[in-house]
Amino acid sequence: MKQTKKRTFTCGLDAAIAVMGGKWKGLILFALQDGPLRFGELRRAVPGISERVLILQLRGMETTGLLHREMYHQVPPKVEYSLTEFGHSLNSAMAPLGEWGEAHIERIEVIPWDEVR
């Protein structure tokens with residue numbers, strides 16, 4: 001039997017970042033906000049993500065309960081990804097952060113990122 005690792009968090013922000021952490025999950029959440037998408041549609045909606053990374057991110061997001069994977073048994077096979085209520089709630093929580101980023105995007109774009117550690 002597989003032993004699952006329980007994790008404790010220092011605060012709510014720590015817990016939220018653990019669920020949505022990384023560059024890609026936020027972009028995938030954003031892409032799915034208006035409804036289900038197939039894998040190819042998601043890949044086009046998230047520029048710069050490789051197929052392998054998208055697969056790994058989707059699996060992780062399914063495990064954490066952020067999204068639902070619906071498989072249709074037809075020829076050719078069809079799979080759609082959609083947000084769960086948990087995923088929608090995280091998207092809603094991230095909206096103000098996205099607005100902050102939009103408001104400060106020019107300042108953020110000129111940061112010398114190669115000097116940031």
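These entries record what I looked up in the predicted model shown above.

**Conventions.** I number residues from 1 along each chain as its sequence is written, and my side-chain values use heavy atoms, with hydrogens and water left out. I take helices (H or I, at least four residues) and strands (E, at least two) as DSSP runs, numbered from the N terminus.

Entry 1: I looked up the strand order and found an open sheet of 3 strands, 1-3-2, with antiparallel pairing. I count two strands as paired if DSSP finds at least two bridges between them. The edge strands are strand 1 (37-38) and strand 2 (67-72), each of which pairs on one side only. Strand 1 is joined to strand 3 by 2 bridges, and here I noted Leu 37 opposite Tyr 81. Strand 2 pairs with strand 3 over 6 bridges, and Glu 70 stands opposite Glu 80 in strand 3.

**Entry 2: the hairpin.** I followed the hairpin that joins strand 2 to strand 3 through 5 residues. Pro 76 is in the loop between these strands, and a cis peptide bond joins Val 75 to Pro 76, with omega about -5°. As background, I noted that most peptide bonds are trans.

Entry 3: I use buried for under 20% relative accessible area, exposed for over 50% and partly exposed in between, with a 1.4 Å probe and protein chains only. This core has 20 residues, and those with the most contacts inside it are Ile 28, Leu 32, Leu 42, Leu 58 and Tyr 81. Helix 2 (23-31), helix 4 (51-63), strand 3 (78-83) and helix 5 each supply at least two of its residues; helix 2 gives the most, with 4 residues. For Leu 58, I listed contacts (heavy atoms within 4.5 Å) beyond four places in sequence: Ile 28, Phe 39, Leu 42, Leu 67 and Tyr 81.

**Entry 4: burial.** In strand 3, I found 5 of 6 residues buried. The buried residues of helix 2 include Trp 24, Ile 28 and Leu 29, and what covers the buried residues of this helix includes helix 1, strand 3 and helix 5. Asn 91 lies in helix 5 (residues 85-103) and is buried, with a relative accessible area of 12%. Leaving aside residues up to four places away in sequence, Asn 91 touches Leu 29, Phe 30, Gln 33 and Leu 83. In contrast, Gly 48, in the loop between helix 3 (39-45) and helix 4, is exposed at 71%.

**Entry 5: the largest pocket.** I looked up the largest pocket and recorded about 800 Å³ of space. On a 1 Å grid over the protein atoms alone, a pocket is an open set of points where a 1.4 Å probe fits, with protein on both sides within 12 Å along at least five of seven lines; lining residues have an atom within 4 Å of a point. The lining has 23 residues, of which Gly 26, Met 94, Leu 97, Gly 98 and Glu 99 lie nearest the centre. Helix 5 provides the largest share, 12 residues.

Terms used:
Predicted model: local features only at pLDDT ≥ 70, side-chain atom pairs only at ≥ 80, totals over all residues. Core = buried A, V, L, I, M, F, W, Y, C linked by side-chain atoms within 4.5 Å. Points joined across faces, edges and corners; volume = space filled by probe spheres on them.
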